[in-house]
Amino acid sequence: MKKPNNKQPAIAYTIVPKDLAGHLFQVTLTVEAPAADGQQFALPAWIPGSYMIREFARNIVQIRAESRGQPVALTKLDKHSWRAAPVKGALTLEYEVYAWDLSVRAAHLDQTHGFFNGTSVFLRVLGQEAVPHQVDIQRPADAAARNWRVATALPELKAKRYGFGSYLALNYDELIDSPVEMGDFALASFKAHGIPHDIVISGRVPNLDMARLCADLKAICETQIAFFEPRSKRAPMERYVFLTLAVGDGYGGLEHRASTALICARADLPSSAAPKTAEVSDGYLQFLGLCSHEYFHTWNVKRIKPAAFAPYDLQGENYSPLLWLFEGFTSYYDDLMLVRAGIIGEPAYFKLLAKTIGSVLRGSGRGKQSVAESSFDAWTKYYRQDENAPNAIVSYYTKGSLVALALDLSIRAKSAGKKSLDDVMLALWQRYGRDFYPTLGRGVTPAEVEALFDEISGMRLKPFFDKYVRGTDDLPLAKLLAQFGVKYNDERKSAKPSLDVNAGRDGNDCKLSSVHQGGAAHQAGLSAGDLLVAIDGLRVTATNLDTLLSRYGVGSEVEVHAFRRDELMSFRLRLQGDRVPGITLALAPAGKKAAGPSRPSAPR
């Protein structure tokens with residue numbers, strides 16, 4: 001890590017968990033050489049990896065400026081920018097940030113722990129983003145925090161590892177790409193191909209089996225490092241940190257260049273009190289898949305980037321039609337890496353893959369929006385979904401992962417197993433990602449992506465991109481999988497009567513969260529938000545809808561009563577067969593294997 005010298009302008013922050021009960025961080029920012037015509041500051045409007053304008057500056061409670069002990073006028077320019085009056089000498093800003101967002105995207109502070117992303121707390125000094133940034137993380141005065149430690153991927157300056165004190169970022173980009181967790185957390189470490197990896201678990205987790213977690217994550221990390229650097233086994237970071245908050249019910253992750261912030265249900269973490277078994281529980285598998293996903297992003301999106309993200313515009317939307325590649329392909333490889341690491345076997349992998357296929361086929365929005373359009377519209381549609389989302393949009397995560405699968409199988413079949421999607425990912429890494437840091441490199445354009453696919457695969461893939469990436473056709477997965485001896489079945493139970501809705505719980509009542517276009521409820525006139533009251537005079541509750549419907553056959557006509565707002569309404573409804581896809585995948589019997597390249601246990 002390069003350290004600042006005396007000739008470089010210094011940017012120094014001090015952050016203090018000032019009021020745990022009031023959820024306030026106090027931040028002091030000192031600029032040694034402010035702009036002569038008045039220094040401007042701005043807080044990012046969004047955090048890279050989460051494509052939605054979040055307006056973090058709304059959480060700044062109060063702010064003031066001074067120089068040499070005297071107040072300095074501070075003018076607000078827009079919702080997230082300020083300009084200080086010109087001064088001679090150093091300029092200091094002091095401000096408070098309200099931190100009560102229990103997620104991986106912002107900041108949270110209470111008596112149990114503190115967490116922040118730099119995008120939520122560190123004002124950007126416009127024009128000086130490229131110089132080193134120092135941050136002094138101070139211990140809270142509250143007695144409840146006497147056992148707290150600090151976890152971050154930021155290099156220590158004067159602090160000891162896991163301790164309060166000063167840390168150093170090479171520039172503002174590294175500063176905001178290094179989240180910080182503080183608290184009385186569980187901690188363990190392992191090395192993956194020689195690189196230290198830390199696992200930090202905040203929150204109460206009785207009998208946490210940290211040894212198993214370390215072993216499984218080590219296998220996943222080493223598999224991914226070797227995937228991108230098969231010869232050198234060299235990771236692109238000097239140290240990596242998994243920052244995990246365990247809660248009663250939660251799920252999410254956000255990638256960073258040398259760490260990830262995760263939130264999970266504590267029940268999903270392995271227990272040392274559980275019976276020892278080779279079987280991986282669904283909850284733990286979900287957590288390992290999340291870790292695998294965010295770790296894969298270390299290469300795919302943190303270093304291999306869309307051109308629109310190099311560099312980021314932190315004050316507004318950054319539009320790219322390529323999120324199907326950066327999120328979708330990561331979603332394809334996250335589960336695949338679990339197979340290659342030996343965490344799960346073929347049946348478990350096929351089950352996960354079938355679930356993804358079913359989720360894509362469930363929504364009619366896949367016929368109206370392409371994954372390229374979904375990527376571009378992430379800011380206004382995917383990250384701001386409403387009750388009509390299943391009928392209007394497609395996920396660039398899930399369909400993007402199926403695009404990856406289809407490309408992988410197509411390349412393997414065409415090359416008789418000599419080439420695969422792995423080769424394309426390695427070429428992307430070598431040409432666009434490997435040398436992205438420490439100075440910011442350049443991203444890849446859509447045209448370059450398509451040209452690289454053609455070059456590496458030896459195929460002309462424009463028709464594929466036109467139909468399945470820029471177009472809305474369903475991917476021919478059954479045909480592609482059959483070439484590798486994998487049988488694709490859709491076992492939906494059409495004889496099961498259905499309203500064709502998504503229903504949620506509102507107290508003890510059944511509330512429609514979405515109504516699928518063309519389904520029985522839609523044709524009868526029911527809408528999202530309606531509260532079901534009765535079917536043929538029998539009360540509907542949050543738990544008995546399926547039981548009530550099971551008394552009828554497909555095609556039966558029923559009377560449904562529902563509240564819309566405070567008005568009781570009546571509907572005549574003809575039940576349809578269940579349209580939920582029931583996808584299953586399995587290896588065809590050895591004697592009936594389809595012709596094609598030899599099949600691996602899973603695409604490798």
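By class, 19 nonpolar, 16 polar and ten charged residues make up the lining of the largest pocket. (Nonpolar here is Ala, Val, Leu, Ile, Met, Phe, Trp, Tyr, Cys and Pro; charged is Asp, Glu, Lys and Arg; the others, Gly among them, are polar.) You're looking at a predicted model, where local features need pLDDT of at least 70 and side-chain atom pairs count only at pLDDT 80 or more, while totals for chains, interfaces and linings use all residues. Numbering runs from 1 along each chain as its sequence is written, and side-chain values use heavy atoms, with hydrogens and water left out.

**Stop 1: the pocket**

This pocket holds about 1600 Å³ of space. Now select Tyr251, Gln286, Asp334, Asp335 and Lys355: of the 45 lining residues, these are the closest to its centre. On a 1 Å grid over the protein atoms alone, a pocket is an open set of points where a 1.4 Å probe fits, with protein on both sides within 12 Å along at least five of seven lines; lining residues have an atom within 4 Å of a point. The volume is the space filled by probe spheres set on the points, which are joined across faces, edges and corners.

Next, colour β19 (251-255), α4 (282-296), α5 (323-340), α6 (346-362) and α9 (398-414), each of which supplies at least two lining residues. The largest share, eight residues, comes from α6. (Helices are DSSP runs of H or I, at least four residues; strands are runs of E, at least two; both are numbered from the N terminus.)

**Stop 2: the sheet**

Jump to the open four-stranded sheet, ordered β9-β10-β15-β13 with antiparallel pairing. β9 (107-109) and β13 (149-152) sit at the edges with a single partner strand each, so one side of each has no neighbour in the sheet. Two strands pair if DSSP finds at least two bridges between them.

Centre on β15 (residues 180-183), which pairs with β13 over four bridges. Arg149 stands opposite Gly183, and Ala151 opposite Glu181. β10 (residues 113-116) also pairs with β15 over four bridges; there, Phe116 has Val180 as its bridge partner. Both faces of β15 are covered: Val180 and Met182 on one side, Glu181 and Gly183 on the other, all buried (under 20% relative accessible area, 1.4 Å probe, protein chains only).

How values were computed: Buried means under 20% relative accessible area, exposed over 50%, partly exposed in between (1.4 Å probe, protein chains only).
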